[in-house]
Amino acid sequence: MDEVDYEQAVALYHEDLHRFALSLARNPDDARDLTQESYCRLLSKSGQVRDKSKVKSWLFTTLYRIFLGWKRHEQRFPHLELAGVEHEIPMLTPEAVEKMDVGVVLEALQQIDEHHRTPLVLFYLQSLSYRQMAEMLDVPVGTVMSRLSRAKAALRAGVTARVTNTGVSNVVPLNPQRTPFSKSS
Amino acid sequence: MNREEAQFVLQAYQPKSEDAHDPQFAEALALARQDPVLARWFADEQAMDAAFASKLRARSLPSDLKAQLLLARATIARRAWWRQPLWLAAAASVGLLLAFGSWRQRKDRSEAQFGEFRVAMASAALDMSPHVEAFGMDAPELKQWLTEHRGHPDFVLPPKLAEHGVMGCKIVEWQGHRVTLLCMKFDGGHADIFVVNAADLPGASLSTAPRFAVDGPFITATWQRDGKIYHLAGDFPADRLKQLL
């Protein structure tokens, strides 16, 4: 990959890639490491990306795999399934969401388990098509759609619970630890 | 496809992506055009998606992230061409030549030790796993890092070379001695400067005037100053290197 291509890849994708990393890692330091490691691999393994149109999906897929590798290493990610959210989509309007504090939305997002959060973030960042998501997550396209549907419902339920301050969320909470994994030094 | 099935499919639809041309969505989109209830739901769904997407994009990013990513290129990009067989062969040749040189100079143990040092440093210059352990630091941070990692924080580079700044650094071990690697990139070239205590390389017979050599892909220069030996391995033309030193 020559310098111009690399600069383009950084300019075009680093923001969304970092946002994706933030949604996975949950803390800024680990997200930065994930982003940097993905671009380092782009430099060192650029031979794998012969088609320039694939750089974006390659970066997202690589970041996700690095994350999974860290996660496997740490074994600190309990996977909890969403339960009972798909039939309980709360009433929520786009206008209400627009007026919401960003923190409320992000907090609700982070409470969604990773298997559902990952395609949802990719969907909102418009980073990958659902077919590319299916390849990246190594699941059938129908599963991507199903997870998206359930994740959307969970997010709406989560923000509604926070805004109405009922204290009751039908989203299964995850481990409240803020640091999901430790960096290798 | 009924309305419920269409809703399920359209929840995954991204209008500005390649999904617009994906046959998977064609039937659901056609149904939405015919069914006013489904059309209204779809419009609301897209508005909701846009609202959530804007919240995700509102997340602030580190201001220096882009610069850091571009900086990484300086240390990683070199791996691509140095990993090519031609360069690896050249590097191997350097090692063999230096090893052969060391053998011929067996009587002069000190000189042989210096040869071994050059071989080891050539190897360190080629090592990209990773090439540096810390990068993107200003001068005080660099000195602090070297202090904490028992390197050579009091190194002094020739002024014209120092002007270009140190890109990154690492500590390498050679025969039980700690050697500081300072990585620099400028003018389209790349140089690694290795700093070691002169006492760790006693017979090198060096002076403050740089001693130049050609070691395979590298132009090297070695000099001694204030009890330290500096060994530079770079891909600059010799004339340019002489100007800097």
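## Helices 1 and 3 of chain B

In this predicted model, helix 1 of chain B, which spans residues 3-10, packs against helix 3 of chain B, residues 36-57, at an angle of about 20 degrees, and the two axes lie 11 Å apart. Because angles under 35 degrees count as roughly parallel, helix 1 of chain B and helix 3 of chain B are roughly parallel to each other. The crossing of these two helices is right-handed.

On the side of helix 1 of chain B, the contact is made by Arg3(B), Ala6(B), Gln7(B) and Leu10(B), while helix 3 of chain B contributes Val37(B), Leu38(B), Trp41(B) and Phe42(B).

## The interface between chains A and B

Chain B gives 40 residues to the contact between the chains, and chain A gives 53 residues. Between them the two chains bury about 4400 Å², of which 64% is on carbon and sulfur atoms. Within chain B, the residues that lose the most area to chain A are Phe52(B), Lys55(B) and Arg59(B), which together account for 18% of what that side buries.

## Helix 6 of chain A against helix 3 of chain B

Helix 3 of chain B also meets helix 6 of chain A, residues 114-124; their axes come within 9 Å and cross at roughly 95 degrees. Since angles of 65 to 115 degrees count as roughly perpendicular, helix 6 of chain A and helix 3 of chain B are described as roughly perpendicular to each other.

From helix 6 of chain A, the residues that take part are Val121(A), Phe123(A) and Tyr124(A), and they meet Asp49(B), Phe52(B), Ala53(B), Leu56(B) and Arg57(B) in helix 3 of chain B. The residues of this contact divide into 6 nonpolar and 2 charged, with no polar residue among them. Phe52(B), which belongs to this contact, is also one of the chain B residues that lose the most area to chain A.

## Salt bridges

Over all chains the structure holds 13 salt bridges, and the count between chain B and chain A is 5. One salt bridge joins the side chains of Asp22(B) and Arg131(A), with an N to O distance of 2.7 Å.

Another salt bridge links Glu45(B) with Arg156(A), whose closest N and O atoms are 3.1 Å apart. This pair crosses between chains, running from Glu45(B) in helix 3 of chain B to Arg156(A) in helix 8 of chain A, residues 141-164.

Note on methods: Residues numbered from 1 in each chain as written. Chains lettered and ligands numbered in written order. Predicted model: local features only at pLDDT ≥ 70, side-chain atom pairs only at ≥ 80, totals over all residues. Heavy atoms only, no water. Axes fitted to C-alpha atoms, helices over the stretch in contact; angles between N-to-C directions. Helix = DSSP H or I, 4+ residues; strand = E, 2+ residues; numbered from the N terminus. Parallel < 35°, antiparallel > 145°, perpendicular 65-115°, else oblique. Left-handed = near helix turned anticlockwise from the far one by under 90°. Contact = heavy atoms within 4.5 Å. Buried area = accessible area lost by both parts, 1.4 Å probe. Salt bridge = Lys/Arg side-chain N within 4 Å of Asp/Glu carboxyl O. Nonpolar A, V, L, I, M, F, W, Y, C, P; charged D, E, K, R; others polar.
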